Amino acid sequence: MGIRYHSPMAQMLIISAVCFLCPGMFNALNGLGGAGQLDTRTASDANSALYAAFCGFSILGGGIVNVLGVRYTTAASCLVYAGYTGTYVYYNESGDGVLTIVAGAVLGCGAGVLWAAQGMVMVSYPRDQEKGRFISVFWVIFNLGGLVGGILPFAISYYHSGSLTNSVYVLFAILEASGAVAALLLAPTAKVVRDDGSRVTVPQAEQRGGTRREAVEVVRLFGNKWMLLLLPMSFTSNFFYSYQFSEYNAAIFNLRTRGFNNLLYWVSQIIGSCLLALLLDYAPWSRRKRGICAMAVTAGAFNAVWALTLVVQLRYTRGGDTTDYPGGLVDFKDTARAAAPATLYFFMGMADSWYQNLAYWIIGTLTNDARTTARYVGFYKGIQSLGAAVSWQFSARGLPFLNQVIGNWVLLILSLPSMLYTVSQIRDYAMDDTPLVYGASHNDSRSDTSNLFCCEVAAVRTRPPAKHNYYHPVI
């Protein structure tokens with residue numbers, strides 16, 4: 001039996017393909033350090049501008065998606081990825097990075113909206129017992145973008161020691177533009193029907209709220225208990241990218257090995273997300289137990305990674321052509337020198353995938369409502385981007401590498417207590433008691449508003465009675 005177009009899985013596969021082509025390709029370039037440039041300063045400044053704009057538009061992104069719909073907001077957001085990548089052609093020809101930095105800010109606006117839409121599809125569309133699997137499937141497809149996108153620069157840089165050529169940037173821009181076409185395949189949220197007959201929950205009262213309602217709800221996020229508790233997690237979740245990409249990968253490896261490491265990093269993300277999904281959806285355990293165990297695994301892995309990173313970092317203080325790393329820049333063919341630091345980079349990617357997947361899963365336990373999820377994910381991505389903007393400025397301004405390692409490690413440790421408290425409060429139904437909505441099938445000829453009204457009348461809560469099977473809807 002095939003996958004229905006209006007099913008959550010079909011829609012998740014479409015948004016995954018979009019992210020494969022846009023953020024995935026962006027990650028492939030960014031993971032090289034300096035977006036494939038020998039001088040990483042312009043890329044770091046562009047990333048700072050990107051994440052500063054990303055911060056604001058992520059917080060607003062949930063409201064924008066709720067008002068304008070998931071299809072066209074996502075398609076428009078994809079186009080700015082292509083525009084940003086295309087500016088590196090101009091940079092290669094002129095050496096002027098201003099256009100790239102401005103394009104980075106514009107990309108931040110589009111990316112904020114895109115990730116709010118993506119989070120809504122990935123976290124609110126599946127049933128509670130499927131969320132770990134949906135997150136994993138998305139993460140695999142998304143990071144295949146970084147993997148596939150990383151093969152080309154690696155192949156080209158194998159015999160080429162300079163910055164990436166114009167043809168590579170043009171190819172990446174074309175791939176990213178095709179993401180906008182894929183986004184047009186997304187179905188309206190109100191038409192998505194789960195396999196058990198329940199609809200993605202969009203409360204009737206909010207259908208008529210419009211822009212004003214969304215503005216009020218976005219402001220209320222700053223007083224939301226769960227969002228405040230998850231602030232440290234959100235701020236930390238992308239903070240380490242600037243160090244890992246620029247002060248580690250770009251600092252001690254030559255260009256072709258940076259490309260090789262890039263492949264390792266995204267492969268590890270794929271493996272890591274698959275492994276964690278087995279734990280997050282392990283049905284015999286309660287959601288609280290699964291969450292606590294996943295936290296223990298993630299915290300242990302990240303602390304081990306940063307401890308080993310500190311050991312490596314103590315061997316050098318500067319990177320690139322002037323690196324003081326023992327023996328100079330590392331080439332992957334020099335196995336004796338490359339094996340340990342490259343393996344560590346692999347586990348950096350795996351630990352990152354566990355942290356990100358766990359963060360999304362925690363958000364998914366808070367509500368089953370699509371509109372609320374869009375706001376929560378937007379808030380998460382906004383604070384995440386604020387942290388990233390700060391960290392990329394540290395990189396651009398030459399903060400000592402050792403200080404960055406210690407800062408990243410401390411931030412991780414500080415994020416754990418509030419995460420643990422939130423996970424300890426998880427129940428086997430949505431934290432806000434959001435109902436699952438049942439109604440007419442996706443091919444009903446009535447209008448969406450009419451269907452939603454009927455669904456609202458038929459709504460039942462997912463909260464199960466004591467000792468009931470938590471993993472099947474109670475009708």
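Biologist: What should I know about the numbering and the confidence limits?
Modeller: Residues are numbered from 1 along each chain as its sequence is written. The model is predicted, so local features need pLDDT of at least 70 and side-chain atom pairs count only at pLDDT 80 or more, whereas totals for chains, interfaces and linings use all residues, and side-chain values use heavy atoms, with hydrogens and water left out.

Biologist: How many disulfides are there?
Modeller: The search of the whole structure finds zero disulfides, a disulfide being a pair of cysteine sulfur atoms within 2.5 Å.

Biologist: Is Cys22 buried or exposed?
Modeller: Cys22 is buried, with a relative accessible area of 0%. Buried means under 20% relative accessible area, exposed means over 50%, and partly exposed lies in between (1.4 Å probe, protein chains only). Cys78 is buried too, at 0%.

Biologist: Changing topic, how many salt bridges does the search find?
Modeller: Three salt bridges are found in the whole structure. The term requires a side-chain nitrogen of Lys or Arg within 4 Å of a carboxyl oxygen of Asp or Glu.

Biologist: Which residue forms a salt bridge with Glu130?
Modeller: The partner of Glu130 is Arg133, with 3.8 Å between the closest N and O atoms. Glu130 is buried at 12% relative accessibility, while Arg133 is partly exposed at 39%.

Biologist: And which residue meets Asp324?
Modeller: Asp324 pairs with Arg318 in a salt bridge of 3.6 Å, N to O. Asp324 has a relative accessible area of 27% and is partly exposed; Arg318, at 42%, is also partly exposed.

Biologist: What about Asp334?
Modeller: Asp334 forms a salt bridge with Arg337, the closest N and O atoms being 3.9 Å apart. Asp334 is partly exposed at 31%, and Arg337 is partly exposed at 23%.

Biologist: Now helix H5: what span should it have?
Modeller: H5 covers residues 98-124, and its 27 residues should span 39 Å. The expected span is 1.5 Å times one less than the number of residues. The end C-alpha atoms are 39 Å apart, which agrees. Helices here are DSSP runs (H or I, at least four residues), numbered from the N terminus.

Biologist: How many residues of H5 are buried?
Modeller: Of its 27 residues, 20 are buried, so H5 is largely enclosed by the rest of the structure.

Technical notes:
Helices (H or I, at least four residues) and strands (E, at least two) are DSSP runs, numbered from the N terminus.
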